[in-house]
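Thank you for making the time; I would like to walk through one structure this morning, going element by element. Please have the sequence and the coordinates open while I talk.

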Amino acid sequence: MFSHIMIGTNNLEASKAFYDAVLGTLGVAPGFVDRHRIFWRTPAGTFSVSLPINGQPASVGNGSTYGFACQSAEQVDAWHAAGVANGGSTCEDPPGVREGAAGKLYLAYLRDPDGNKICGLFRMPKA
């Protein structure tokens with residue numbers, strides 16, 4: 001459905017260190033810098049951060065969450081730990097199982113160094 005997602009940052013170096021670590025736990029190669037942007041590319045799409053081109057400060061979207069697919073609960077935990085160790089902060093409940101209409105999900109939420117809310121998600125197999 002999506003070709004790419006781009007979010008704003010006020011600090012390219014901090015964002016690169018954070019997302020290289022977090023996305024690295026998912027097997028994504030380090031991002032590459034293109035002037036005022038950084039791109040992480042996979043066969044499934046592109047995630048990127050950018051200094052705002054209008055010169056104004058980047059800001060977070062209230063109510064926005066960017067989710068990253070994980071292959072196991074252990075990978076979600078590694079994703080979360082890498083984020084906390086590289087300038088992110090935990091938010092929401094601690095990593096763990098949530099149940100809802102979509103079944104059981106293993107989730108972890110972080111705020112990146114700019115305050116953007118991101119989620120690591122593993123869809124647990126049905127029993």
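**Helices, hairpins and a sheet**

Let me begin with the two helices: α1 and α2 are roughly antiparallel to each other, a label that applies to angles over 145 degrees, while under 35 degrees counts as roughly parallel, 65 to 115 as roughly perpendicular and the rest as oblique. Before I go further, a word on provenance: this is a predicted model, in which local features need pLDDT of at least 70 and side-chain atom pairs count only at pLDDT 80 or more, whereas totals for chains, interfaces and linings use all residues. Residues are numbered from 1 along each chain as its sequence is written, and side-chain values use heavy atoms, with hydrogens and water left out.

Helix α1 covers residues 12–24 and helix α2 covers residues 73–85, and their axes come within 8 Å and cross at roughly 165 degrees. The axes here are lines fitted to C-alpha atoms, for helices over the stretch in contact, with angles running from 0 to 180 degrees between N-to-C directions. The elements themselves are DSSP runs, numbered from the N terminus, with helices being H or I of at least four residues and strands being E of at least two. The crossing of α1 past α2 is right-handed, in the sense that the near helix is turned clockwise from the far one by less than a right angle, anticlockwise being left-handed.

Which residues make the contact between them? On the α1 side they are F18, A21 and V22, and on the α2 side W79, A82 and G83, where contact means heavy atoms within 4.5 Å. Sorted by class, this contact has 5 nonpolar residues, 1 polar residue and no charged ones; the nonpolar class is Ala, Val, Leu, Ile, Met, Phe, Trp, Tyr, Cys and Pro, the charged class is Asp, Glu, Lys and Arg, and the others, Gly among them, are polar.

Strand β2 (residues 32–34) pairs with strand β3 (residues 37–42) in the antiparallel sense over 3 bridges, pairing being assigned if DSSP finds at least two bridges between two strands. Within that pair, V33 stands opposite I38 of β3. Strand β3 also pairs with β4 (residues 45–50), again in the antiparallel sense, over 6 bridges, and R37 has S50 of β4 as its bridge partner. These two strands form a hairpin with 2 residues between them.

R35 is found in the loop between β2 and β3 and has a positive phi of about 60 degrees although it is not a glycine. As background, most residues other than glycine have a negative phi. Is R35 buried or exposed? It is exposed, with a relative accessible area of 61%, given that exposed means over 50%, buried under 20% and partly exposed in between, with a 1.4 Å probe and protein chains only.

F39, in strand β3, counts as buried at 10% relative accessibility, and, leaving aside neighbours within four places in sequence, F39 is in contact with M6, G31, F32, D34, T46, F47 and S48. T46, in strand β4, is buried as well, with a relative accessible area of 17%, and on the same exclusion of residues up to four places away T46 touches S3, H4, I5, F39, W40 and R41.

Finally, the sheet of 4 strands, which is open, has mixed pairing and runs in the order β5-β8-β7-β6. Its edges are β5 (66–69) and β6 (89–100), each with a single partner strand, so one side of each is left without a neighbour in the sheet. Neighbouring strands are turned by 20 degrees against each other on average, direction ignored. Helix α2 packs on this sheet, touching β5, β6, β7 and β8, and its direction makes about 10 degrees with that of β7.

Inside the sheet, β6 and β7 pair in the antiparallel sense over 8 bridges, and β7 (residues 103–111) pairs with β8 (residues 117–123) in the antiparallel sense over 7 bridges. Y109 stands opposite C119 in β8, and C91 stands opposite Y109 in β7. A hairpin through 2 residues joins β6 to β7, while the hairpin of β7 and β8 has 5 residues between its strands, with G115 in the turn at a positive phi of about 95 degrees.
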